[in-house]
Amino acid sequence: MNSIQSIADNYQKFNPRAYLQNNYVPPRADFSCEDSVVPWKLRCLAEACSKGEIRGRTLVDIGSGPTIYQLLSAFELFQEVVMTDYLEVNREEVKRWIDDEPGAFDWSPYIKHVCSLESKGELWQEKQNRLRKRITRVVPVDIHQPCPLGKEFTSGSVDALVSSFCLEACSPNRESFEQALKNITGLLRAGGHLLLIGALEESYYLAGEARLSVVPVTEEDVRTALCNAGYRIRDFRTYSMPPSMKVGVDDVSGIFFAWAQKMP
């Protein structure tokens, strides 16, 4: 039986570059294919952010990992963005991109795609530069603590949260998954918004030498957890992973996207 501590220990083997190679290049990130999972995620985020309701001063990305794609639409609606991750190697990977260092992962295909989704006719480099400037901090997080960001933020001080593939991938069971969701929700002000992406019915994934366990959740599990954490679900979508996207790096059956609003 996995515990929170054993999961944390196993994550010390996590290889960010292997994870990026497994999930964020073709076929999973094929922008010429409508069935590719990455364009689906970007479309879900862009459409939620286009409604005109999600906005504020501070956006916090919970469990950023080594990725920035999850922020490409939402960041425009906030004055500052804070990225977070439990692992220093992931925080360093993100900082390399923010600082435009040689060897940083190339997110330009993602930025170009989101620009086309948003149809603003702007140069993708302008969006890239804005995001780099808007990210004010990259800090540690522990979703299993009542105050996941320690003294960085007080309860109810955040206007919106983004989190992708974090809660189910860092929890030993559904109860822990639900509690982690409640922990991060404590950061959010009443009426604030959560954009949540995660894996459906997945039990493991690979990141280099690391084989990371995942608590398998269903759509019903996620909906129940959101309601129990005090949210009103504004949109919920699911994606079934086609055979062409099953590349031997996990056993995921699908992806969920949820837009939820914290009740007063």
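Contact here means heavy atoms within 4.5 Å, and axes are lines fitted to C-alpha atoms, for helices over the stretch in contact, with angles running from 0 to 180 degrees between N-to-C directions. Helices (H or I, at least four residues) and strands (E, at least two) are DSSP runs numbered from the N terminus. The model is predicted, with local features requiring pLDDT of at least 70 and side-chain atom pairs counted only at pLDDT 80 or more, while totals for chains, interfaces and linings use all residues. Residues are numbered from 1 along each chain as its sequence is written, and side-chain values use heavy atoms, with hydrogens and water left out.

Helix H6 (residues 124-134) lies across S2 and S3 and runs at about 60° to S3. Helix H8 (residues 219-228) also packs on the sheet, where it touches strand S5 (188-200), S8 and strand S9 (254-262), and its direction makes about 165° with that of S8.

The open sheet itself has 7 strands in the order S3-S2-S1-S4-S5-S9-S8, with mixed pairing, where two strands pair if DSSP finds at least two bridges between them. Strand S3 (135-139) and strand S8 (231-240) stand at the edges with a single partner strand each, so one side of each has no neighbour in the sheet. From one strand to the next the twist averages 15°. Within S3, Val139 stands opposite Thr84.

| Pair | Sense | Bridges |
|---|---|---|
| S2 (residues 78-84) and S3 | parallel | 4 bridges |
| S6 (residues 204-207) and S7 | antiparallel | 4 bridges |

In the second pair, Tyr204 has Ser213 of S7 as its bridge partner, and the hairpin of S6 and S7 has 2 residues between the strands, with Gly208 taking a positive phi near 75°.

Leaving aside neighbours within four places in sequence, the contacts of Leu195 include Leu45, Ala48, Cys49 and Phe257.

Elsewhere, helix H2 (residues 16-23) and helix H4 (residues 88-98) pack at an angle of about 65°, with their axes 10 Å apart. Pro16, Arg17 and Leu20 in H2 meet Val89, Asn90 and Glu93 in H4.
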